[in-house]
Amino acid sequence: YMDATLNHYYKLKPRQAEQRIMSLLAEVKSTGGVFMALWHNSSLSEVRPWYGWRKVFENVTEAAAK
């Protein structure tokens with residue numbers, strides 16, 4: 001997935017995006033696949049339109065590492 005797709009194109013709020021990503025992560029883990037993510041530096045800035053997205057990154061990274 002790509003951060004900008006979730007925010008700009010799907011227009012998801014951070015919590016909605018996190019739920020979608022966690023669902024993808026679970027599916028990938030269940031099949032033994034490779035989970036790929038692309039995050040832009042600006043999406044971690046906490047400046048609009050990215051307010052709240054840093055926590056999504058942190059939560060997803062932690063879940064993916066387990």
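**View 1. Span and end of helix α2.** Helix α2 comprises 18 residues, 14-31; helices are DSSP runs of H or I with at least four residues, numbered from the N terminus. From first to last C-alpha, α2 reaches 26 Å, close to the expected 26 Å, where the expected span is 1.5 Å times one less than the number of residues. Glycine 32 follows α2 and has a positive phi, near 75°.

**View 2. Buried and exposed residues of α2.** Ala17, Glu18, Ile21 and Leu25 are buried, that is, under 20% relative accessible area with a 1.4 Å probe, protein chains only. These residues lie on the same side of α2 because they cover an arc of only 95° around the axis, the arc being that of the directions from the helix axis to the C-beta atoms. Arg15, Glu27, Ser30 and Thr31, on the other side of α2, are exposed (over 50% relative accessible area). The buried residues of α2 pack against α1 (3-9) and α3 (53-65).

View 3. Neighbours within four places in sequence aside, leucine 25 is in contact with Phe35, Val60, Ala63 and Ala64 (heavy atoms within 4.5 Å). Leucine 25 and alanine 63 are 38 residues apart in sequence, with their C-alpha atoms 8.3 Å apart in space.

**Notes.** Residues are numbered from 1 along each chain as its sequence is written, and side-chain values use heavy atoms, leaving out hydrogens and water. In this predicted model, local features need pLDDT of at least 70 and side-chain atom pairs count only at pLDDT 80 or more, whereas totals for chains, interfaces and linings use all residues.

Key:
Helix = DSSP H or I, 4+ residues; strand = E, 2+ residues; numbered from the N terminus.
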